[in-house]
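Please consider the predicted model shown below.

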Amino acid sequence: MDAPFFEERTQVLIAGYVLGNLEPEEIEELEGLMNGHPELLVEIDRQCLAIEAIGLSATPIKPPEALRAALVTDLRKWNSRSKTPFLARWAWVAAAVLLFGVGLDSFLLRQRLQPAQEIVAILEQPNSRLFSLRGTGRAADASGSIVMDIDAKTAIVAIRGLPQLEDKKQYHLWAVADGRKIFCGGFKPNGSSVLERIPLPSGLYSLVVSQLTVTAEAATSTDHPTGQEVMISVL
Amino acid sequence: MNPDAPKPPSSAPPTDAQLIEAIRAGRTQALETIYERYASNVYGIALQILQDPQEAQDVSQDVFTTLWRTNAYNSERGALASYLAISARSRAVDRLRAKSRKLRLAERWGRIQVTNSPPSTLEQVSLGERAERVRAALALLPETQRRILELVYFTGCTQAEIARQLALPLGTIKSSLRLGLVKLRRSLQDLLT
């Protein structure tokens with residue numbers, strides 16, 4: 001099915017949002033529209049795709065053979081190392097602590113992801129950050145960790161002890177940056193545990209995340225947190 | 001078992017998804033096949049942005065080694081070609097930023113998450129066809145809109161810098177960018193759904 005076209009003004013506002021050049025009053029106007037029409041997220045996605053497509057217009061250029069040779073050398077070096085000693089020990093320790101904290105059994109881990117390798121891969125990245133979370137309010141018993149790789153726009157969420165939610169609700173992760181709370185993704189516990197990889201929004205790229213919070217929200221509510229806060233990150 | 005052991009011959013070339021699975025299983029041949037498919041596009045983007053063959057080569061190498069070393073690519077968020085193109089642009093623009101600290105706007109670009117959106121039609125047609133469609137769509141834009149969009153994408157310049165460069169009011173740059181993007185999106189409508 002074709003995505004619908006929205007009226008010209010709405011499309012132009014969305015273009016401004018995607019391009020990052022909206023004025024404050026225009027941001028308010030768009031937020032008002034978004035509140036009544038969550039389907040506008042699809043239009044935002046389409047315009048992002050249109051921008052990304054500009055890269056495809058670049059003329060393909062055969063790279064010098066030296067690139068292939070350098071890549072092959074890289075792979076050989078990488079493969080010739082025993083991966084375990086090569087990986088930063090602290091990263092493996094952090095991964096183990098993080099996974100142990102979730103308390104998932106190994107069968108479940110195998111079903112969900114290859115957690116240790118994925119977490120270590122993220123922790124090795126220069127812009128990775130590890131956050132510890134503690135429960136608040138009705139989720140006071142919850143605990144967990146989140147590891148983020150801002151460059152790769154990905155995070156792994158590992159939490160245990162979260163209460164189950166109604167069908168139409170889910171937990172939302174928010175990053176506090178520059179005084180704003182930015183929606184980073186939603187998840188639901190499996191039993192009382194969560195072990196999820198979630199994609200991070202592009203807007204985080206240039207911001208310094210000072211804290212993370214988790215709230216219980218209606219699944220469609222991503223503008224700003226309105227539900228009860230259930231977890232916060234601690235130093 | 002040797003992960004690079006030859007596989008039985010198959011009539012159809014492996015799909016990108018199969019190659020990614022093979023990479024995750026540690027088969028270097030799969031990365032070489034992906035390199036054959038996409039190296040020219042990755043290098044082309046990096047070179048257009050950086051205008052420096054050595055730097056473009058470094059960026060391209062980084063794109064492919066990162067694909068090998070990490071599981072960062074998620075097929076649910078788009079086609080491999082798009083992921084590699086975005087990675088190349090992102091790294092190339094980062095280099096420009098590191099050199100001149102002139103990037104602000106472009107870093108806000110990038111795919112905004114729409115939960116589990118399937119790969120668009122744009123990502124399902126051949127790379128060559130996609131490139132032709134995008135070039136044609138850009139050619140349909142008024143000259144100023146096309147030029148400004150390309151400047152922002154391929155140079156990482158801010159709108160204010162482009163305004164100075166083109167001796168145009170900042171408001172004109174902003175509105176041209178927005179209108180250009182809306183028109184581009186409309187021209188590619190059938191491919192973006």
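Over the face of which residue does B:Arg89 lie? B:Arg89 is placed over the face of B:Tyr153, 4.5 Å from the ring centre; a charge sits over a ring if NZ of Lys or CZ of Arg is within 6 Å of the ring centre and within 35 degrees of the ring normal. This is a predicted model, in which local features need pLDDT of at least 70 and side-chain atom pairs count only at pLDDT 80 or more, while totals for chains, interfaces and linings use all residues; side-chain values use heavy atoms, with hydrogens and water left out. Residues are numbered from 1 along each chain as its sequence is written, and chains are lettered from A and ligands numbered from 1 in the order in which they are written.

**Chain B: overall content**
- Chain B comprises 9 helices and 0 strands, these being DSSP runs (helices H or I, at least four residues; strands E, at least two) numbered from the N terminus.
- Of the 193 residues in chain B, 51% are buried (under 20% relative accessible area; exposed is over 50% and partly exposed in between, with a 1.4 Å probe and protein chains only).

**Chain B: individual helices**
- Helix α8(B), residues 170–187, has 18 residues and reaches 26 Å from its first C-alpha to its last, close to the 26 Å expected at 1.5 Å a residue; the expected span is 1.5 Å times one less than the number of residues.
- The buried residues of α8(B) include B:Ile173, B:Leu177, B:Arg178 and B:Arg185.
- In helix α7(B), residues 159–166, the buried residues are B:Gln159, B:Ile162, B:Ala163 and B:Leu166.
- Seen down the axis of α7(B), these buried residues fall within an arc of 105°, so they line one face of the helix; the arc is that of the directions from the helix axis to the C-beta atoms.
- Exposed residues B:Arg164 and B:Gln165 are carried on the face of α7(B) turned away from its buried side.
- B:Asp94 belongs to helix α4(B), residues 80–100, and counts as partly exposed at 22% relative accessibility.
- The C-alpha atoms of B:Asp94 and B:Gly156 are separated by 8.8 Å, although the two residues are 62 residues apart along the chain.

**Chain A: the sheet**
- Chain A holds an open sheet of 8 strands in the order β5-β4-β7-β8-β1-β2-β3-β6, with antiparallel pairing (two strands pair if DSSP finds at least two bridges between them).
- Strands β5(A) (180–187) and β6(A) (193–199) stand at the edges, each with a single partner strand, so one side of each is left without a neighbour in the sheet.
- Strand β3(A), residues 154–160, runs antiparallel to β6(A) and is joined to it by 7 bridges.
- A:Ala158 stands opposite A:Leu195 in β6(A).
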